[in-house]
Amino acid sequence: MNRNREQISKYYITNSTYCLISQPNSDKVFTVILDKHGKTTMSFPPLRVIRHTCTLNGSTFEATTQQAREFLGHNRHKVPIMVAYNFGDPCVVFPLFSPHSKQNIWVTVNAIINIEEMNESTLVTFVDGTEQIFPVHLKSFNQQYVRAVLYYKNLILQRKALI
């Protein structure tokens, strides 16, 4: 990442997005966005950014969640979702905690190049070499990541079947 940017009022998720991190502050939840352009904040929670991106791409958060559950199993709680297709490539994000939690973090599958354990947390290296520590055990992170990769691959195969 090259730089920190000022707070912004609009953002939609693409394959250039690395993660959305909740930052509770008093009675309001902000979103810290890490992407290939740097780090910025929004005065909205991450789920609002997710919902906005889904809507811009002609869907809803509920519909994308249902689509993922149909593939991964209806009893899954923290399912990865596809928020967009960027030039034919699905943009899949996965939550580390409950999607409705004020502490939630969403990570983009294609942004990750390495995952390591760091004490009780997980250290993730993104495609540009930047690193971020997430407050979740490596085993939990890996479970979410594997589900997201499987879902991503399924979406790719579905798309190829249509061509």
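Me: Angles under 35 degrees count as roughly parallel, over 145 as roughly antiparallel, 65 to 115 as roughly perpendicular and the rest as oblique. What makes α1 and α2 roughly perpendicular to each other?

Reply: This is a predicted model, where local features need pLDDT of at least 70, side-chain atom pairs count only at pLDDT 80 or more, and totals for chains, interfaces and linings use all residues. Residues are numbered from 1 along each chain as its sequence is written, and side-chain values use heavy atoms, leaving out hydrogens and water. Helix α1 covers residues 46-56 and helix α2 residues 61-72. Their packing angle is about 85°, with the axes 8 Å apart. The two helices are therefore roughly perpendicular. (Helices are DSSP runs of H or I, at least four residues; strands are E runs, at least two. Axes are fitted to C-alpha atoms, and angles run from 0 to 180 degrees.)

Me: Which residues make the contact?

Reply: From α1 come Leu 47, Ile 50, Arg 51 and Cys 54. Helix α2 supplies Phe 61, Glu 62 and Thr 64. Contact means heavy atoms within 4.5 Å.

Me: What makes Glu 62 and Arg 51 a salt bridge?

Reply: The term needs a side-chain nitrogen of Lys or Arg within 4 Å of a carboxyl oxygen of Asp or Glu. Here the distance, N to O, is 2.7 Å. Glu 62 lies in α2 and Arg 51 in α1, so the pair ties together parts 11 residues apart in sequence. The structure holds 1 salt bridge.

Me: Why is Glu 62 called partly exposed?

Reply: Buried means under 20% relative accessible area, exposed over 50%, partly exposed in between (1.4 Å probe, protein chains only). Glu 62 has 45% relative accessibility, so Glu 62 counts as partly exposed. Arg 51, at 31%, also counts as partly exposed.

Me: How do you know whether Ser 43 is buried or exposed?

Reply: Ser 43 has a relative accessibility of 19%, so this residue counts as buried. Ser 43 sits in the loop between β3 (38-42) and α1. Leaving out residues up to four places away in sequence, Ser 43 touches Gln 7, Lys 28, Val 29 and Phe 30. The C-alpha atoms of Ser 43 and Val 32 are 9.1 Å apart.

Me: What makes a nonpolar core, and how many residues has the largest one?

Reply: Such a core is a set of buried Ala, Val, Leu, Ile, Met, Phe, Trp, Tyr and Cys residues joined through side-chain atoms within 4.5 Å. The largest here has 43 residues. Ile 50, Val 107 and Phe 134 have the most contacts inside this core. Helix α3 (residues 138-162) gives the most to the core, with 5 residues. Phe 134 touches Leu 96, Val 107 and Phe 141, among others.
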